[in-house]
Amino acid sequence: MKSLQQLTRQKALYGLPMARLRPSQVTPASRLWQRNFSATTSAAQLAGLDASKLTVAKTETPKELIPNKDLVFGKTFTDHMLSIEWTATEGWQTPRIVPYQNLSLDPSTCVLHYAFECFEGMKAYKDHTGGTRLFRPNKNMARLNKSSARIALPTFDGEELTKLIGEFVKLDNRFIPDARGYSLYLRPTMIGTQKTLGVGPPGSALLFVIASPVGPYYPTGFKAVSLEATDYAVRAWPGGVGDKKLGANYAPCIVPQLEAASRGFQQNLWLFGEEEYITEAGTMNLFVAIKNKETGQKELITAPLDGTILEGVTRDSVLELARERLQPQGWAISERKVRMPELQQAAEEGRLIEVFGAGTAAIVSPVRYISYRGNLVDCGLKKEEEAGEITLQMKNWIEAIQYGDESHPWSYEV
Ligand SMILES: *Cc1c(COP(=O)(O)O)cnc(C)c1O
């Protein structure tokens, strides 16, 4: 196979014109492909993702529902899946809902060799009227597009995919448990499907969505976790891809998690740089509440979006709610870097109010201790407490919106 550079040079020699694309369809991948490979389809007008073209093939063997109490995260799936193919020459193909099934991939498929994969995690919730809701799906669509574009996979119209996910969720509605804390976890996934060992932009891709009914992260109420600060491995770095939800970011995180677990810690805490900035815990963003040494003002802090943390939808929701509802009570809300020694000092001086993780799976996850350089940093919980005040409040505020108890623009009715 010719290298991309050879092809680019060749096409430059031929002086081939670029086919016209609507701006929403222009991606690094499509741009490259348009430039390099569109000669044979010179009139090509790449098709955008179109929800109105959806076809549905229903299963003939509906599954039995798992009792709520036996649900395990990500182990069982609904009857169907949403599947949409893309090719560089034609764009997005007909969206299809089909029975949940295996994928068939040639062993040379690029996703298996070079990790052309990105994904999202979001949930569908049953509200008290029996309706079904998504939470800020536009955020997940925007993030998937960013992840996809970064690895030369195609982008898509997020509103169209949200509509399609709505149809999928309606069809498999019976799998959404009708109980507080329960939901249907949705996993939109994009993979490169080109059959080639050549390293280059995939000429074809598959966007699929599968769904798994899940129970509450804390079935018997909050249980505070303890973290081990990891100082020997780095999850993400400026200019890297740790701020994208790429599959390739996750496998290397398991060993540090196992290391932490072997010493009795539920998650590890990723520090960055010589300054030992606090970035994230496991696969959750981290919030710390500290009382200011001089002024005594309470400050809720999370790391800024500098490329070393994932841009969590829950993180953004916590920040927005805190600005709206805590700031008027005198809180300062900050996106700023915090060094681990600063946190340790605040703890030693009794100024560390609480610490919690934030992510779609748990909403918020309270932290009791952080192991750091052989010390246990006490994150401010009383012995008999499993969660701090802000942690509890955030869970209640966000859940009320997710389950539609509070009508709010973040809640999307399917
Ligand atoms: C998905 C994820 C989060 C949380 O994002 P949410 O959108 O809130 O679920 C945080 N950190 C990492 C590394 C993640 O992959």
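Strand β1 (residues 55-56) pairs with β4 in the parallel sense over two bridges. Strands are DSSP runs (E, at least two residues) and helices are too (H or I, at least four), numbered from the N terminus; two strands pair if DSSP finds at least two bridges between them.

This is a predicted model, where local features need pLDDT of at least 70, side-chain atom pairs count only at pLDDT 80 or more, and totals for chains, interfaces and linings use all residues. Residues are numbered from 1 along each chain as its sequence is written, and side-chain values use heavy atoms, with hydrogens and water left out.

**Exercise 1.** Find the bridge partners in β4 of T55 and M81.

*Solution.* Start with T55: its partner in β4 is R96. Next, take strand β2 (residues 80-87), which pairs with β4 in the antiparallel sense over four bridges. Finally, M81 has V98 as its bridge partner in β4.

**Exercise 2.** Locate R136 and R373, then decide for each: buried or exposed?

*Solution.* First, R136 sits in the loop between β7 (132-135) and α4 (137-150). Its phi is near 45 degrees, a positive value in a residue other than glycine. R136 has a relative accessible area of 5%, so it is buried (buried is under 20%, exposed over 50%, partly exposed in between, with a 1.4 Å probe and protein chains only).

Now turn to R373, in the loop between β17 (363-372) and β18 (375-378). Phi of R373 is near 50 degrees, again positive in a residue other than glycine. With a relative accessible area of 56%, R373 is exposed.
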